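Subject: Structure handover

Hello,

Here is the structure I said I would pass on. Please have it open while you read the notes under it.

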Amino acid sequence: MNSLKPANSRLSILLYPHPILVKKHSLAKTLCLAAVLLTGCDKPAEKASTQSNATPNQGTIGVSLLTLDNPFFKTIGDTITAEGLKHHYTTVLVSGDKDVAKQSNQIKDFIVKKVSAIVLSPCDSKSIVPVIQEANAAGIPVFTVDIPCNEPGVKIATQIATDNFGGGKEAALAMIEALGEAGGKVAVLHFKQVESCQLRVRGFTEVINAHNAAGKPRIEVVAELESGGAKDAGFKAAEDILQSHADLRGIFAINDPAALGARAAIEKAGKTKQVVIVGFDGQPEGKQAIKEGKIYADPIQFPDKMGVQIVDAILRHSKGETLPPQFLIPTSLYRKADAEKDSSLK
Amino acid sequence: MKPSRLFADYGMVLVLALLCALFSALTFSDQSPTGEAAAIQVAKMLGQGGSRPARVLIATRDQPDDVAYAAALQRLLSAAGSSAPSVSVVRGEPKDARETLQRLAASGERLDVVACTQATGAWLVFSNLQADFPSLGEPRFVSPRSYRWPNFLKSENLLNIANQIAVIAIVAIGVSMVIITGGIDLSVGSLLALSSVLSARLIRDYAGGIAASPAGMLLCCLVAIFACGAVGAFSGAMITRFSIPPFIVTLAMMLVGSGIAYILAKGQSIYQIPESFVWLGRGADFLNVPNAVFLMAVLYGLAHILMSRMKLGRHLYAVGGNSEAARLSGVPVRRVLMFAYIASASLAGLGGVIMASQLKSGSPTYGGMYELYVIAAVVVGGTSLAGGEGRMFGTLAGAFTIAVIQNGMNLTNVESYTQKVVLGLVILGAVLVDKARNTR
């Protein structure tokens with residue numbers, strides 16, 4: 001999980017439209033327009049249904065993700081759609097837009113449509129419980145991705161997520177590699193409310209502690225500040241750290257935006273040679289920064305692998321296999337050498 | 001009432017009917033009979049065609065329709081007396097089906113027929129039966145024959161739409177009143193969030209948390225609604241005593257209400273409330289109609305009587321039409337305005353309680369952008385933003401128009417960004433239709 005809580009959208013009210021004076025219009029014309037609009041937009045669905053007529057259709061997968069404006073979730077959704085099609089499933093992909101009431105309605109629509117499986121990353125693990133129970137009662141299997149729902153009274157077929165703990169360990173190895181023989185002071189930019197970030201920091205700390213216990217050049221975690229997983233907050237937190245620890249050597253940020261914010265603070269302080277940054281995620285912007293040497297390395301996540309894993313889990317569930325309660329997708333360290341070979345970067 | 005007059009009054013109903021027809025045509029798809037009807041059909045299929053089956057496996061999921069199907073089919077098959085087949089039933093997930101098949105294969109039995117439902121027929125556990133369980137023979141697969149019917153027009157979907165829009169429709173009653181007086185209320189979305197947080201927090205902290213009694217919960221909800229009403233009274237007082245424009249006052253209260261909701265909830269959702277709290281939002285005690293929808297219908301009936309049959313209703317129109325003329329002819333303008341803002345805020349509070357009940361938790365993030373959806377419903381329903389005209393059932397039709405568009409687009413797989421564009425254009429189109437009707 002790497003996205004922020006939504007900013008309060010209520011200020012958009014200032015764009016409130018004023019009553020408009022309109023010339024005389026014929027009723028029929030307006031309705032035609034509306035009809036054309038609606039049918040025009042419906043073309044993808046029609047295409048999907050003709051395709052499924054040609055092949056034996058196994059059913060529909062209903063997918064509601066936290067948001068689709070984050071490339072991470074977009075990739076998960078698109079991979080499920082593509083992978084589902086290979087196995088003759090039609091996929092309906094919607095965005096919960098971080099609004100749990102909206103997401104609940106989407107799930108209810110899935111239940112009415114009698115989909116064969118529901119995939120979701122809950123917008124709120126607590127408030128989503130009633131609607132998951134409704135899906136359970138309708139006999140539709142529910143799969144969660146990235147964000148778990150571990151509440152009592154709900155039945156989840158399986159949970160698929162990044163191995164954040166392992167990723168944190170990899171981040172620590174990258175930090176040790178970057179600091180080399182000298183060791184030194186490092187800081188952590190945290191996002192404490194989010195469970196996945198807690199796991200990342202726990203993995204990081206464990207490896208650093210083991211490194212120190214083994215008598216290697218000492219790496220000391222001197223500060224753990226809240227970054228909100230965002231550029232602006234990461235920037236401020238990093239500036240404060242640089243004030244109190246002028247001899248800082250490294251920063252581990254729990255995601256790319258926080259890492260890039262920290263980088264801006266370091267550039268401002270003119271300490272780019274002194275302080276190295278290890279990020280997390282591997283979003284396009286983060287990878288670009290690694291290529292330019294602004295971030296040392298990222299343990300990167302694989303949303304495409306997660307999408308493939310979900311469809312595989314749905315198939316195995318339908319075949320009657322017993323699924324483990326969760327699948328963890330390992331991260332992999334991405335350094336400058338990897339970025340130079342990466343054709344997706346400019 | 002003559003049809004032409006009906007159309008003039010409720011032109012929106014026509015648009016709504018057209019939208020329903022459109023979505024019905026677009027969601028035409030294969031449906032399969034469920035429960036008893038499906039069982040009768042499948043039993044008939046098994047009775048036909050030469051040799052009667054000796055061993056039958058009924059594969060169902062653990063859900064009410066499937067359970068009824070299995071029970072009815074078992075009964076029908078055993079009615080054949082001495083020639084009745086031996087029946088095994090799977091009730092659950094594909095995993096359970098696999099276990100049953102393994103057990104049957106181990107005991108050396110053969111299977112003649114697997115009776116499925118539409119859903120279990122698609123289970124992959126059956127897709128390669130001969131290869132996986134050769135000892136079971138080559139059973140015939142039977143499932144109820146599908147027929148064509150729009151997904152949109154299924155009764156459960158129509159109730160689903162009503163249930164989804166209940167909160168917005170209830171809040172829209174109060175906002176209609178405010179808009180009819182020529183004002184506006186932007187604070188309803190925030191008050192909805194505030195009420196959900198307040199009721200959930202009161203239940204958690206003072207009514208005993210997950211062990212709260214119904215009376216305790218009712219009291220907490222009433223306090224939350226009352227608190228919202230007090231906020232409405234404050235807005236009303238600011239508007240009537242200090243002549244601050246309603247737009248500014250309710251904009252300020254929108255920020256204040258949202259802020260207080262975040263403070264009270266500490267930015268988290270509050271979920272330590274009893275299971276029985278969902279009765280209001282998800283229960284369906286009367287003729288299978290969800291309680292929230294029932295409440296919505298009752299409130300619209302009352303609001304219609306208030307607006308069309310009572311003095312207060314006529315005063316609301318009079319104030320909106322021309323407040324100075326109303327004052328001169330003896331209408332208590334300030335009191336009427338106070339009533340409108342208190343009603344609007346209280347109904348927003350009620351909406352918050354229903355939402356907390358539907359989601360079994362209160363959260364400060366609820367109700368984001370709801371003020372805009374509510375105002376859209378009111379305007380689409382034919383109420384003029386200039387005040388002085390509008391009807392309650394028009395607002396209801398407007399709310400349903402929005403719900404039908406959203407639900408219809410979800411059912412036809414329209415992508416969510418496109419949905420926003422279409423919804424915006426349809427709102428604009430609906431108001432155009434309304435204008436065309438009025439100027440004709």
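Predicted model: local features only at pLDDT ≥ 70, side-chain atom pairs only at ≥ 80, totals over all residues.

Chain A

Chain A has 346 residues, and 48% of them count as buried. Its secondary structure consists of 12 helices and 12 strands. If you take the contacts in chain A between residues at least 6 apart in sequence, 73% of them join residues at least 24 apart.

The chain is divided into two parts: domain 1 of chain A covers 57-156, while domain 2 of chain A is made up of 164-300 together with 335-341. Taken over C-alpha atoms, the centres of domain 1 and domain 2 of chain A are separated by 33 Å.

Helix α4 of chain B

In chain B I looked at helix α4, which runs over residues 64-78 and so has 15 residues. From its first C-alpha to its last, α4(B) reaches 21 Å, close to the 21 Å expected at 1.5 Å a residue.

Which residues of α4(B) are buried? They are D66(B), Y69(B), A70(B), L73(B) and L77(B). Seen down the axis of α4(B), these buried residues fall within an arc of 95°, so they line one face of the helix. R75(B) and S78(B), on the other side of α4(B), are exposed.

What do the buried residues of α4(B) pack against? Their partners in chain B are helix α3 (35-47) and the strands β2 (55-60), β3 (86-91) and β4 (113-115).

Regards

How values were computed. Residues numbered from 1 in each chain as written. Chains lettered and ligands numbered in written order. Helix = DSSP H or I, 4+ residues; strand = E, 2+ residues; numbered from the N terminus. Buried ≥ 20, exposed ≤ 12 C-beta atoms within 10 Å, placed from the backbone. Contact = placed C-beta atoms within 7 Å. Domains from an automatic or database assignment. Expected span 1.5 Å × (residues − 1). Arc of directions from axis to C-beta.
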